[in-house]
Amino acid sequence: MFDFAMGQNSLASLVLCALSALLFLLVWFFVSRASVRANEQIALLHEIAEQQRQQTELLKVLAAQARGAVPSVEAEDDSALSLRGFIPER
């Protein structure tokens, strides 16, 4: 009836249970932390890809202007020539 209060085996099983719970929480913490960091890195990579796409569009427009050709897309001309969000090479 009082298994938990009596004997060394029951105390050892309680300690083992508590240690396994702490180990589980520790592993969960590190896995969760790694997942959050991976998501942040993915978001940053998407942002870099978008900025590179904008820089490519700007380069195409500037190359077309240097050749004297008229750019094919005039609606995006203002967005492509704006240097807002431009990241220079490091």
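**Figure 1. Salt bridges in the predicted model.** The structure holds 2 salt bridges, a salt bridge being a side-chain nitrogen of Lys or Arg within 4 Å of a carboxyl oxygen of Asp or Glu. Side chains of opposite charge can pair when their charged atoms come close. This is a predicted model, in which local features need pLDDT of at least 70 and side-chain atom pairs count only at pLDDT 80 or more, while totals for chains, interfaces and linings use all residues. Residues are numbered from 1 along each chain as its sequence is written, and side-chain values use heavy atoms, with hydrogens and water left out.

**Figure 2. A close look at Arg 53 and Glu 50.** Here Arg 53 forms a salt bridge with Glu 50, and 2.3 Å separates their closest N and O atoms. Both residues sit in helix 1 (residues 8–67), 3 residues apart, so about one helical turn lies between them. Helices (H or I, at least four residues) and strands (E, at least two) are DSSP runs, numbered from the N terminus. Arg 53 is partly exposed at 39% relative accessibility, and Glu 50 is partly exposed at 34%. For these labels, buried means under 20% relative accessible area, exposed means over 50%, and partly exposed lies in between (1.4 Å probe, protein chains only).

**Figure 3. Arg 53 again, now with Glu 57.** The side chain of Arg 53 also meets that of Glu 57 in a salt bridge, at 2.1 Å from N to O. These two residues are 4 residues apart in helix 1, so they too are separated by about one helical turn. Glu 57 has 22% relative accessibility and counts as partly exposed. Through salt bridges that share partners, Glu 50, Arg 53 and Glu 57 are joined into one network.

**Figure 4. Two neighbouring rings, Phe 29 and Phe 30.** Rings of Phe, Tyr and Trp (its six-membered ring) pair if their centres lie within 6.5 Å; planes under 30 degrees apart count as stacked, over 60 as edge-to-face and the rest as tilted. By this rule the count comes to 1 aromatic pair. The ring centres of Phe 29 and Phe 30 are 5.3 Å apart and their planes stand at 70°, so this pair is edge-to-face. Phe 29 is partly exposed, with a relative accessible area of 44%, and Phe 30 is partly exposed with a value of 44%.

**Figure 5. Stepping back to the chain.** The secondary structure comes to 2 helices and 0 strands. Of the 90 residues in the chain, 9% are buried. The chain exposes about 8,100 Å², with carbon and sulfur atoms supplying 66% of that area; accessible areas come from the Shrake-Rupley method with a 1.4 Å probe, and for residues only the protein chains shown count as cover.
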